Amino acid sequence: MQFFCFKMCDKSVVNATSKYFTDNLEKNPHKRFVSGERVKAPFYNQPCEELAKCLLGKILVRQLSNGSVLRGMIVETESYLGGEDLASHSCGGRETPANKPMFMSPGTAYVYFTYGMYHCFNISSKGEGAAVLLRAVQPIEGIEEMQRKRKQFMENMYAKRRAKRGLENNIKASLYQDKKITELCNGPSKLCISFDIDIASCNKCDLVKSDSLWIEYGADGTASEPMKIVEAPRIGIDSAGPIWANKLLRFYIFGSEFVSRQNKACEENLPS
């Protein structure tokens, strides 16, 4: 199914084709991206699935405490609907201190900790306990800073693991080489590491008002045609059972090299 993102977010049809960013930023990763208009509150106040689609092509912006600005185009999202959605942290209307941002006003950041070492970043939408998970971003600005964040995280992770086993921290430097741009943010936890998003600094942030984390419309005129959006099953939720595991609630920009995982079967269903 091809989805043209006009409702509530007609500006998102620009920036949709990743070729512009890939061609230009691979040649000149220091090129400064021209910022666009900041997304306002009404944009977030739409059903979860619609918000997940309309976030594609938008620009995630992170202002760090050292003054650095990081930007990336959102290329992959997942919807977590709350209510009957067995894969949602808020399934059955369950509200806890940890998932409270899912029940706050649309446009609130919900950051959670997983596997004892990673963070994931969601944005609350319209609907009780509904939120959109950002799965992948195409780096645009602050790429060297993102690479430093990933390198630092890997160094700390391996050092802790070896210390726990009573071993010296003599991991070869080759493990810390700068990641390819396509691999910096192609997963929800990679995204959070590269953008320095964690519970302490970003959870419950109001993306409409925050001066450290927000979403922008992209610069006009970078895409020649509306984007095609692939609709596919979400990743890593088999424990929710086959009904919810197979619902098409993951969305990504067709043709993007920056998504976490392609679904060829679903891509074949796109109109030519």
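Predicted model: local features only at pLDDT ≥ 70, side-chain atom pairs only at ≥ 80, totals over all residues.
Biologist: Okay. Which element gives the most to the lining of the second largest pocket?
Modeller: That is α4, with eight residues. Two or more residues also come from β4 and from α6.

Biologist: What volume does it have?
Modeller: The second largest pocket has about 470 Å³.

Biologist: And what classes of residue are in that lining?
Modeller: Eight are nonpolar, five polar and six charged.

Biologist: Now the largest pocket. What is its volume?
Modeller: About 690 Å³. Its lining has 30 residues. Nearest the centre are T114, Y115, C120, P188 and S189.

Biologist: Which elements give two or more residues there?
Modeller: Four strands do: β2 (69-80), β3 (109-114), β4 (118-124) and β5 (131-141). So do the helices α4 (143-164) and α6 (188-194).

Biologist: How does the lining of the largest pocket divide by class?
Modeller: It has 18 nonpolar residues, eight polar and four charged.

Biologist: New topic. How many salt bridges does the structure hold?
Modeller: It holds 13. Side chains of opposite charge can pair when their charged atoms come close.

Biologist: Which residue pairs with R148?
Modeller: R148 forms a salt bridge with E145. Their closest N and O atoms are 2.6 Å apart. Both residues sit in helix α4, three residues apart, about one turn of the helix.

Biologist: Is E145 buried or exposed?
Modeller: E145 is buried, because its relative accessible area is 11% and the cut-off is under 20%. R148 is partly exposed, at 48%.

Biologist: What about K149?
Modeller: K149 also forms a salt bridge with E145, with closest N and O atoms 4.0 Å apart. These two are four residues apart in α4, again about one turn. K149 is buried, at 17%.

Biologist: Where is D196, the other partner of K149?
Modeller: D196 lies in the loop between α6 and α7 (199-202). The K149 and D196 pair links distant parts of the chain, 47 residues apart. Their closest N and O atoms are 3.6 Å apart. D196 is partly exposed, at 28%.

Conventions:
Residues numbered from 1 in each chain as written. Heavy atoms only, no water. 1 Å grid on protein atoms, 1.4 Å probe; cavity = no way out; pocket = protein on both sides within 12 Å on 5 of 7 lines; lining within 4 Å. Points joined across faces, edges and corners; volume = space filled by probe spheres on them. Nonpolar A, V, L, I, M, F, W, Y, C, P; charged D, E, K, R; others polar. Salt bridge = Lys/Arg side-chain N within 4 Å of Asp/Glu carboxyl O. Buried < 20%, exposed > 50% of the residue type's maximum accessible area, 1.4 Å probe, protein only.
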